Amino acid sequence: MRTSLNEIKEAERFLTNKMLEEESLVFQARMITDPLLRLNVSFQKRLMDAVQLYHRRKVKHNLQSVHNELLTSSEKSGFQQLVHNIFHL
Amino acid sequence: MEVLESHLKARASTSEETDYLQLYEELFPICAQWVRSMNGSLNDAEDIFQDALIIYFEKINNNELNVATSSEAYILGITRHLWIRKFEKSKSTVSLNALEKTLSIPENFYPSINTVRLLDFLESTGRNCLELLRIFYFEKFSMKELSSRMGYRSEHSATVQKYKCLEKLRTSIKQKSLSYEDFTE
């Protein structure tokens, strides 16, 4: 594997808390002395946050479908009655 | 990547969806009742209950849920926290029990505008990689499962593809940040 991919792999282990404590301390020390590494890790962190947001939006979308199914399916009239009563619809 | 899409569709209709539906049917009315008692609407209940489930599924995936805590207690507890956060009510108006006081909403749950913009950008340029990384990190597939489901020849080639995706998206974030300063904090 190329060097850059190895660096990405290390950053991934760091960001997902897969490193042992000692290893993580060494990695953090390297980030202090190597500004390029620090920058790359920060971009990778932002990427992970964006992937997580993408995932949460997907799950939310699925849950909205579940909600609509429960409120419209003829097999779920008990659920619908319950919700109507709660909100006096 | 088309192979990936079809596998995902197949997977979505299996056990996971049944779990969603059962939990939803059982717990939504309880949550809605509470939201109603706080003068909230059906839409409020829908929104915060779904967010509570998202947080709950992440906890389960990461094996972070205390075994002594029932799903019901956890989900309803998080619902109360989400309510407090959404309506900025002071905590004193919502009473939290001892367990609920120990719960919290994940730190990055409300995304920064930079993360939202970054995701828009990545969706327009690297959706396939985004999907691969999402499945790997958040659906918690092992590399072995991922490679067989997605039709990679070996675990090794799936792993290399994952790192290439990380590299590709990381590089495009870097270029974009350096040229437009769009996503700089």
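Is K86(B) buried, exposed or partly exposed? K86(B) counts as partly exposed because its relative accessibility is 36%. Here buried means under 20% relative accessible area, exposed means over 50%, and partly exposed lies in between, with a 1.4 Å probe and protein chains only.

## Basis of the model

This is a predicted model, in which local features need pLDDT of at least 70 and side-chain atom pairs count only at pLDDT 80 or more, while totals for chains, interfaces and linings use all residues. Residues are numbered from 1 along each chain as its sequence is written, chains are lettered from A and ligands numbered from 1 in the order in which they are written, and side-chain values use heavy atoms, with hydrogens and water left out.

## Chain B as a whole

Chain B has nine helices and zero strands. Along the sequence, this gives the pattern α-α-α-α-α-α-α-α-α. Helices (H or I, at least four residues) and strands (E, at least two) are DSSP runs, numbered from the N terminus.

Chain B has 185 residues, and 47% of them count as buried. For contacts in chain B between residues at least 6 apart in sequence, 63% join residues at least 24 apart. A contact means heavy atoms within 4.5 Å.

## R80(B) and E100(B)

R80(B) sits in helix α4 of chain B, which covers residues 71-87. With a relative accessibility of 17%, R80(B) counts as buried. Neighbours within four places in sequence aside, R80(B) is in contact with W34(B), V94(B), S95(B), L96(B) and E100(B).

With E100(B), R80(B) forms a salt bridge in which the closest N and O atoms are 3.2 Å apart. A salt bridge is a side-chain nitrogen of Lys or Arg within 4 Å of a carboxyl oxygen of Asp or Glu. E100(B) lies in helix α5 (residues 98-102) and R80(B) in helix α4 of chain B, so the pair ties together parts that are 20 residues apart in sequence. Both E100(B) and R80(B) are buried.

The two side chains also make a polar contact at 3.2 Å. A polar contact is a pair of N or O atoms within 3.5 Å; within protein, one must be able to donate a hydrogen and the other to accept it, and residues adjacent in sequence count only if both atoms are side-chain atoms.

## Other salt bridges

Over all chains, a search of the whole structure finds 17 salt bridges. One of them joins R13(A) and E23(A), whose closest N and O atoms are 2.5 Å apart. R13(A) is in helix α1 of chain A and E23(A) in helix α2 (residues 21-33), 10 residues apart. R13(A) is partly exposed, at 29% relative accessibility, and E23(A) is partly exposed, also at 29%.

K86(B) forms a salt bridge with D44(B), with the closest N and O atoms 4.0 Å apart. This pair links helix α4 of chain B, which holds K86(B), to helix α3 (residues 42-61), which holds D44(B), across 42 residues. D44(B) is buried, because its relative accessible area is 15%.

## Where chains A and B meet

At the interface, 43 residues of chain A are in contact with 55 residues of chain B. The two chains bury about 5,000 Å² between them, and 69% of this is on carbon and sulfur atoms. Buried area is the accessible area (1.4 Å probe) that two parts lose on being put together, summed over both. On the side of chain A, Y54(A), R56(A) and F87(A) lose the most area to chain B, together 15% of what that side buries.

Seven salt bridges are found across the interface. E25(B) and K76(A) meet through their side chains in a salt bridge of 3.1 Å, N to O. In chain A, α1 (3-15), α3 (35-72) and α4 (77-87) each supply at least two residues of the side that touches chain B. The most comes from α3(A), with 26 residues.
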